[in-house]
Amino acid sequence: MSSPVKSSSLDPIPSFLVREFIDVLLPYSTKMINTSLAQGRLPSSQKHAIVTPLLKKPGLDTADMGNYHPVSNLSFMSKVVERAVASQLNEYLVANDILPPFQSAYRKWHSTETAMLRVWSDFLMAADRRHVTLLSLLDMSAAFDCVDHSILLHRLRYAVGLSGAVYNWIESFLSGRTQQIAYNGQLSGTQYVLFGVPQGSVLGPVLCSLYTAELAHTVARHGLLLHQYADDVQVYISTTVDDSAHAVDRLAMCLADMEAWLKASRLHLNPTKTQVMWLGSQQLLARLDIADVPVCRPPSVFSSQPATWAW
């Protein structure tokens, strides 16, 4: 009953009718969900999606396919099953302190506001110490669509500790998925989905967060700070002006290791959306003389002229 009242062309009846006659349908839906969980298997009929490309922002070039979000429209009952799984999985992750501590997306009591407050608080405390902060704003390209299923399942088993029917159910959820593209009133042919988690699903965002959780360990090894919101990553370091060149080198080495980890995970950073900036008081920023900050190591080198933000 808490699910959004949205219907899909894949639904045999509209979702509002399911809610209206829930007293009659509840025993059957309960039996279906419990059987799916007990057997560790999601029926093939609930693994098909109608994908609608939606522009990320109004006014973007409609001819550039990179400007679209591929939103998966799934059947209503498949999302009900996912909610049951996501609820139990989240309880397990919270009870065992497994969720990435600095990932603010798809979690209760976390949001863009908490992400902003944590990062901004770190900047202000650094300023109180008369330090400047070098901030890099990174974007992972199509992270949801590039998740490697075998790597994800390996991490769920050995890093998260899933096994038995739970592991089998998530493996079934990921495998054998199909999709069709809806555009301009037309449907494409059916294609198998070999990579990624569906955008628009209930469980997909949680799985994507667990897939990239190890990225925090890479940043911590370099002594830098990290905060994430979905596939947006903020990595930053505070330093004195006199030691700013060393801070740039540490950030460059950290980003190079991050890029290597992402490549091994079948992901990559989008240099066109990467921004670098210095933050600090006007007096301290006026003493900085660093023109370029290397964001990635060879073979692909992207040097950014950092902006400054003073208060």
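Strand 2 supplies the largest share of the lining of the largest pocket, namely four residues. Keep in mind that you're looking at a predicted model.

Let's stay with that pocket for a moment. Its strand 2 covers residues 68-73, and helix 5 (143-146) is another element that gives at least two residues to the lining. In total, 29 residues line the largest pocket. If you want to find the middle of it in the structure, look for K56, G66, Y68, H69 and K273, the lining residues that lie nearest its centre.

Now for the second largest pocket. Here the lining residues nearest the centre are V18, S29, F76, M77 and V80. Three helices each bring at least two residues to this lining: helix 1 (15-20), helix 2 (22-39) and helix 3 (76-95). Which helix gives the most to the lining of the second largest pocket? That's helix 2, with 10 residues.

| Pocket | Volume | Lining residues | Lining by class |
|---|---|---|---|
| Largest pocket | about 850 Å³ | 29 residues | 14 nonpolar, eight polar, seven charged residues |
| Second largest pocket | about 620 Å³ | 29 residues | 16 nonpolar, 10 polar, three charged residues |

So much for the numbers; a word on the classes. Around the largest pocket, seven charged residues sit in the lining along with eight polar and 14 nonpolar ones. The lining of the second largest pocket has three charged residues, next to 10 polar and 16 nonpolar ones.

Methods
Residues numbered from 1 in each chain as written. Predicted model: local features only at pLDDT ≥ 70, side-chain atom pairs only at ≥ 80, totals over all residues. Heavy atoms only, no water. 1 Å grid on protein atoms, 1.4 Å probe; cavity = no way out; pocket = protein on both sides within 12 Å on 5 of 7 lines; lining within 4 Å. Points joined across faces, edges and corners; volume = space filled by probe spheres on them. Nonpolar A, V, L, I, M, F, W, Y, C, P; charged D, E, K, R; others polar.
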